[in-house]
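Thanks for coming. I will talk briefly about aromatic rings, and about charges placed over them. Please have the sequence and the model open.

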Amino acid sequence: MEDIKKRKLDNSEGISPHSEEDLRALLDPLAKPQLVDLLAKLGSQYPSIAEEIKGIATADPVHRKLFVRGLAWNTSSDTLCAAFSEHGEIEEGAVIYDKASGKSRGYGFITYKHMESTHHALRAPSKLIDGRMAVCNLACEGLTGSSSTHDLTQRKLYIGGLSPNVTSEMLLHFFGRHGDIEEGSVAYDKDTNESRGFGFVTFKTVEAAKKAIDDPQKTLGGRNVIVKLADSHKGRTIQTQLPTPMVQMPLPLAPGYAQPGKAHPSTAPHGYGYPPAVGLYHDNTYSSPPTAPYPPQSQIPYPYYIGKQ
């Protein structure tokens, strides 16, 4: 009898099973961080749930594909895959080449077979490949996935005045004493693969970049190099002084004269009188003088001039 009462008590206090529709209604208002925490706890407690989460996440290759930029011009697809194979099995990997010239465009893609390999590679996104510091991030995140862009202008340095024999390894080793480097290399000519005498170094922190700028010891490869923010080195537009445009100004004329572009005033100019209009004479026959006197004509004023006789 006591056992029956105990079972009834357990059923009344226990939670009745919910349908899938009920659970969806409970999960729908939850935020993404809450859902992630919930699934992580359930996956750690129940291996079957963990396997299902892994299968869903791995099914979409977008979560396993990396974008790798900053590659050397001579880096091949085999070299790229070999550099990233330490993190796990690679499903696909290739350097992107220009169709017209057949030369590398300086970037490529790596797709791992398992999502865990992708996460392992992203823990150390910078990798030295063929003398250049390449950087990787999830391909779906674009160019800004591996680096915060809000302070990139304060972390990226321009290094000028480099000796032709300075390699990217030497450049990274020299500036690595100031802090961790995210990416950097010497700039090489695409056709000759020779150094162009400058390079770039991007530190992971603004503090490291400031140390490199303030460091008085800037001798590398037997030369004093130029170290400054890359953003300040961008080409400045030279402003050409344009001639001052000619503006036509109306010249003041004496009263009574018509101004250019304006109708002549209806009133006569000051100091001058125009004769009034005279009616047309309609008699075209001059055989004999008219019998009646001509109608009186109004006097025509003329200016009075005093001259010598």
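Rings and charges

I start with a charge: the charged end of lysine 65 sits over the ring of phenylalanine 109, at 4.8 Å from the ring centre. Keep in mind that this is a predicted model. Phenylalanine 109 also belongs to an aromatic cluster, together with Phe67 and Tyr107.

Now the ring pairs. How many aromatic pairs does a search of the whole structure find? The search gives seven. One of them is phenylalanine 67 with tyrosine 107: the centres are 5.6 Å apart and the planes are at 45°, so this pair is tilted.

Phenylalanine 67 counts as buried, at 9% relative accessibility. Tyrosine 107, at 22%, counts as partly exposed, because buried requires a value under 20%.

The next pair is tyrosine 158 with phenylalanine 200, which is edge-to-face, with 5.9 Å centre to centre and 65° between the planes. Tyrosine 158 lies in strand β6, residues 156-160, and phenylalanine 200 in strand β8, residues 195-203, so here the parts tied together are 42 residues apart in sequence. Tyrosine 158 is buried, with a relative accessible area of 10%, whereas phenylalanine 200 has 29% and is partly exposed.

Last, another charge over a ring: the charged end of arginine 177 sits over phenylalanine 174, 4.3 Å from the centre of its ring.

Methods: Residues numbered from 1 in each chain as written. Predicted model: local features only at pLDDT ≥ 70, side-chain atom pairs only at ≥ 80, totals over all residues. Heavy atoms only, no water. Phe/Tyr/Trp six-rings, centres within 6.5 Å; stacked < 30°, edge-to-face > 60°. Buried < 20%, exposed > 50% of the residue type's maximum accessible area, 1.4 Å probe, protein only. Helix = DSSP H or I, 4+ residues; strand = E, 2+ residues; numbered from the N terminus. Lys NZ or Arg CZ within 6 Å of the ring centre and 35° of its normal.
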